[in-house]
Amino acid sequence: YCASFSYVASGGQEREIILWNPYTLKRITSLVGHQACIIGIVCNDEHGHIISVDDKKTIYVWDTKTYDLLCKVPDTTPRWPESTFSAFCFDHKSCALVV
């Protein structure tokens, strides 16, 4: 839930983020660009960003006003035993994504 912009963001196997109006339950828009299943979405209300991560270890940053993709950051570092992110969270205090 992004409080500043009053919407709920969802995503998964369909590889798109859907923004919903939580009061009318209607779709606002879709953010398309992921090449793999989305495993997590967080909102940075202070800077107006949606940050999403997919299971190919790519991080996407979206603008919440224009819905444009601002940046795409792939992680090519091999991980063991599986080369994927198992969890991530956004630290609002330091404005940092922890994966």
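This is a predicted model: local features need pLDDT of at least 70, side-chain atom pairs count only at pLDDT 80 or more; totals for chains, interfaces and linings use all residues.
Strands S6 and S7 pair in the antiparallel sense, with five bridges between them. One of the pairs to look at is Ile59, whose bridge partner in S7 is Val73.

S5 and S6 run antiparallel and are joined by five bridges. Here Ile50 has Trp62 of S6 as its bridge partner. This is again a hairpin, with three residues between the strands, and Lys57 in the turn has a positive phi of about 65°.

Moving on to S4. S4 pairs with S5, residues 49-54, in the antiparallel sense over six bridges. Ile41 has Ser52 in S5 as its bridge partner.

Put together, the four strands form an open sheet in the order S4-S5-S6-S7. Strand S4, residues 38-44, and strand S7, residues 69-74, each have a single partner strand, so one side of each has no neighbour in the sheet. From one strand to the next, the twist averages 15°.

Back to S6: is this strand buried or exposed? Six of the six residues, 58-63, are buried, so S6 is largely enclosed by the rest of the structure. In a regular strand, side chains alternate between the two faces of the sheet. In S6, Thr58, Tyr60 and Trp62 are buried on one side, and Ile59, Val61 and Asp63 are buried on the other.

Last, the surface. Tyr1, Val8 and Tyr23 form a nonpolar patch there, with about 360 Å² of accessible area together. Tyr1 lies in the segment before strand S1 and counts as exposed, because its relative accessibility is 55% and the cut-off is over 50%.

Key:
Residues are numbered from 1 along each chain as its sequence is written. Side-chain values use heavy atoms; hydrogens and water are left out. Two strands pair if DSSP finds at least two bridges between them. Helices (H or I, at least four residues) and strands (E, at least two) are DSSP runs, numbered from the N terminus. Axes are lines fitted to C-alpha atoms, for helices over the stretch in contact, and angles run from 0 to 180 degrees between N-to-C directions. Patches are made of residues with over 30% relative accessible area and no salt bridge: like charges are joined within 9 Å, nonpolar side chains (Val, Leu, Ile, Met, Phe, Trp, Tyr) within 5 Å. Accessible areas come from the Shrake-Rupley method with a 1.4 Å probe; for residues, only the protein chains shown count as cover. A salt bridge is a side-chain nitrogen of Lys or Arg within 4 Å of a carboxyl oxygen of Asp or Glu. Buried means under 20% relative accessible area, exposed over 50%, partly exposed in between (1.4 Å probe, protein chains only).
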